[in-house]
Amino acid sequence: MKFWWQGSKWQLLAGVCVLLVGMQLPAQAQVPVQEVAPVSAWLLRLHEASRHRTYTGTFVVTAGTQMASAKIWHVCEGEQQLERIESLSGTPRSTFRRNDEVLTLYPTARVGIAETRETFGVFPALLKSQSGALDEFYALKPMGVERVAGIEADVVQITPKDGLRYGYRVWSEKKSGLVVQLQTLDVDAKVLEQSAFSELQLDAAVSPAKLSQLMAQTEGYRIERRKAEKTTAAAQGWAMASAVPGFKPAGCYTRPIALLAGASGKTEQSMQWMFSDGLATVSLFVEAFDAKRHLHEGAADLGGATRTLTRKAGAWWITAVGEVPPSTLAQFAQALERKK
Amino acid sequence: MANMTETPSALHAQLSALADGELPAHEIGALLDALEAQPQAHQWWTAHHATSAVVCGEVVASASGEVAFWERLQGRLALEAPASTVSAPVVPVEAPVAMSATAANDPWWKSMRLASVAAMVSVGVVAALVWPSSQEAQLSVAPVSVVPVTAPVLVAAGADSTGASVMLRDPALDALMAAHQQMGGHSAWQAPSGFLRNATFETSGR
């Protein structure tokens, strides 16, 4: 005969939970719920929390030696999410988001940029479809409980199982799973970049109607729609000679590249082929080689978690950009080959 | 060569060439002189830059930042050289004889004659004009900004053939990073915090 506590860790955990609930112990009881949850399920909880909480706060991003901050308003009304991000540093700007519609207003220049972020709709479906890959390439480890912006948060470390990607340390509010702090870690677990609320008010009184109203106040602004055209790498004449483990194609677009210093003044098209392993993303940009502009081949560290690597391939200039180590970008850039 | 009597349309053409990096170096000084006499020069430059940026699908930076940059530059000029010589000419760029009369072991700052100061200023102006405007904007406008946007790019060791770190800032790379972040929703972090991160953290190409 076998007692329940002699069973698996799952059974043990379930038993403890039942006991604690029965005793009406407070929520901060040290039950390491995440310990047994696979990476994808845990991420799904975080994703849902971001959709269903209403909050205001101050968000601070530190990348390398640079830092930026913004005031945030986030509200959910049914399936509709509204967000307002008011920059506190850099160029004055207000970013509004209603589900996948994003509008950024630059009050000084009186210019607004409207975009559709179709990628907001891909979750949680993408997360579910990539759950196998996530658990194959990342391991999740609970690190205890800490306070962030006055809120009790579970700390979890996500460690990559190979050298092709970075790790993460995540602080999520205990009750809902809302991410309140996120660090990107290099292979030595050194912090490359951090995003965190320095101040956060959950369930704040945020009026969706007021946010909608503000988002509609574009009088006096010239609104430009920034659009990337969907395409396929095959249609553009490109393919990957070999896949980078864990990364799946996540869309291909053509888009104009900015007029650059020393450029001739013509707007050129560039292909952007994206890949994702569920957490990290890599973009491969391909454009015609221009000897005047494309001077430096190799990897660049701009501070923070986003790395870049450039390579000349015949008449083409390839730029790999992503939140991955330079060696991973090199694999991507080398694997890309012209098919026609 | 630009001069005080040139029509606004001619100045516009030269301003456009300057912004595109196509204006011959020897014409830059004269153009700046001519622009100095034009009260609308700031607005011309801002409008030209904004139009180019928007046409290319990129966000323009703060227009007031551009104006502020010019004002700041003028302030620096006033500090670095006597007021009476600032308006004197950027033309000495063409007469690089200034350094020859100085002893090799003279301190460098003693040998910095007006011509070299003017030359450096010219180069600085050109570099600033072809640089993405958001950088100036952030330097000059945002009082609460803690983002040292001028932070140079360090090309990773090994990327350079000599193995040395190369200091540079590549606007093209900034533009691509902005494009990458715009489409970066294929990460599970996008919904919890990635979007907030990208909206908060401004890149020059944005």
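**Exercise 1.** Work out how strand S1 and strand S2 of chain A are joined.

*Solution.* Start with the two stretches: strand S1 covers residues 55-63 and strand S2 covers residues 66-77, both in chain A. Strands here are DSSP runs of type E with at least two residues, while helices are H or I runs of at least four, numbered from the N terminus. Next, look at the joins: nine bridges link S1 to S2, and the two run antiparallel. Two strands pair if DSSP finds at least two bridges between them. To pick out one position, go to Thr56(A), which stands opposite Trp73(A) in S2(A).

A quick note on ground rules: this is a predicted model, where local features need pLDDT of at least 70 and side-chain atom pairs count only at pLDDT 80 or more, while totals for chains, interfaces and linings use all residues. Residues are numbered from 1 along each chain as its sequence is written, chains are lettered from A and ligands numbered from 1 in the order in which they are written, and side-chain values use heavy atoms, leaving out hydrogens and water.

**Exercise 2.** Explain what the salt bridge between Glu83(A) and Arg97(A) ties together, and say how accessible the two residues are.

*Solution.* Begin with the distance: the closest N and O atoms are 3.1 Å apart. A salt bridge needs a side-chain nitrogen of Lys or Arg within 4 Å of a carboxyl oxygen of Asp or Glu. Glu83(A) sits in strand S3 (residues 80-87) and Arg97(A) in strand S4 (residues 94-98), so the pair ties together parts 14 residues apart in sequence. Now accessibility: Glu83(A) is buried at 4% relative accessible area, and Arg97(A) is buried at 3%. Buried means under 20%, exposed over 50%, and partly exposed in between (1.4 Å probe, protein chains only).
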